[in-house]
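Colleague: I have a model open and would like to learn how to read its features. Can we take them one at a time?

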Amino acid sequence: MGTYGYAAPEYVATGHLYVKSDVYGFGVVLLEVLTGLRALDTDRPSGQHNLVDWAKPHLADRRKLARLMDPRLEGQYSSRGAQRAAQLTLRCLAAEHTNRPSMKEVVAVLQEVESM
């Protein structure tokens with residue numbers, strides 16, 4: 001815990017960990033998987049250095065999500081599955097830890113996405 005770019009906002013702000021603090025970090029990893037980009041990269045254009053800050057607004061928009069997806073996937077994925085994964089990622093990245101899903105729920109949604 002505490003790796004910049006993966007640490008939950010409440011941990012960065014207060015140093016306190018909660019049960020769902022790790023869910024935030026997992027959400028960052030999910031975002032990396034969806035986009036093919038690293039959590040932090042100063043080689044990206046200004047405003048895009050922090051993946052979460054840059055990508056979060058695009059996750060809820062179907063048209064923007066398609067442009068956000070890792071081009072190396074070459075469209076070989078279910079668009080419904082990508083949308084569901086994006087929704088899960090947004091929930092994992094919720095600013096308030098109480099609004100994040102449990103890891104049990106994360107696993108259930110990922111199994112649902114896998115079956116799509």
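This is a predicted model: local features need pLDDT of at least 70, side-chain atom pairs count only at pLDDT 80 or more; totals for chains, interfaces and linings use all residues.

Colleague: Where is F26 found?

Modeller: In helix 2.

Colleague: Which residues does F26 touch, not counting those up to four places away in sequence?

Modeller: F26 touches M103, V106 and L110. Compare A13. F26 and A13 are 13 residues apart in sequence, and their C-alpha atoms are 19 Å apart in space.

Colleague: Next, cores. What is the general idea?

Modeller: In soluble globular proteins, nonpolar side chains tend to be buried together. Here the largest nonpolar core has 17 residues. L31, L59 and L65 have the most contacts inside it.

Colleague: Which elements give two or more residues to this core?

Modeller: Helix 2 (21-35), helix 3 (51-59), helix 4 (62-68) and helix 5 (79-92).

Colleague: Now helix pairs. At what angle do helix 2 and helix 3 pack?

Modeller: Read the angle against a class. Angles of 65 to 115 degrees count as roughly perpendicular. Helix 2 and helix 3 pack at about 75°, with their axes 11 Å apart. They are therefore roughly perpendicular to each other.

Colleague: Which residues meet there?

Modeller: Helix 2 brings Y24, V28, L31, E32, L34 and T35. Helix 3 brings L51, V52, A55 and L59. The residues of this contact divide into eight nonpolar, one polar and one charged.

Colleague: Last, R100. Is R100 buried or exposed?

Modeller: Apply the cut-off. Buried means under 20% relative accessible area. R100 has 2%, so R100 is buried.

Colleague: Where does R100 lie?

Modeller: In the loop between helix 5 and helix 6 (103-114).

Colleague: What does the side chain of R100 reach?

Modeller: The backbone oxygen of A94, at 2.9 Å.

Colleague: And which residues is R100 in contact with?

Modeller: Leave aside neighbours within four places in sequence. R100 is then in contact with A8, P9, E10, K20, S21, V23, Y24, R91, C92, A94 and A95.

Conventions
Residues are numbered from 1 along each chain as its sequence is written. Side-chain values use heavy atoms; hydrogens and water are left out. A nonpolar core is a set of buried Ala, Val, Leu, Ile, Met, Phe, Trp, Tyr and Cys residues joined through side-chain atoms within 4.5 Å. Buried means under 20% relative accessible area, exposed over 50%, partly exposed in between (1.4 Å probe, protein chains only). Helices (H or I, at least four residues) and strands (E, at least two) are DSSP runs, numbered from the N terminus. A polar contact is a pair of N or O atoms within 3.5 Å; within protein, one must be able to donate a hydrogen and the other to accept it, and residues adjacent in sequence count only if both atoms are side-chain atoms. Contact means heavy atoms within 4.5 Å. Axes are lines fitted to C-alpha atoms, for helices over the stretch in contact, and angles run from 0 to 180 degrees between N-to-C directions. Angles under 35 degrees count as roughly parallel, over 145 as roughly antiparallel, 65 to 115 as roughly perpendicular and the rest as oblique. Ala, Val, Leu, Ile, Met, Phe, Trp, Tyr, Cys and Pro count as nonpolar, Asp, Glu, Lys and Arg as charged, and the others, Gly among them, as polar.
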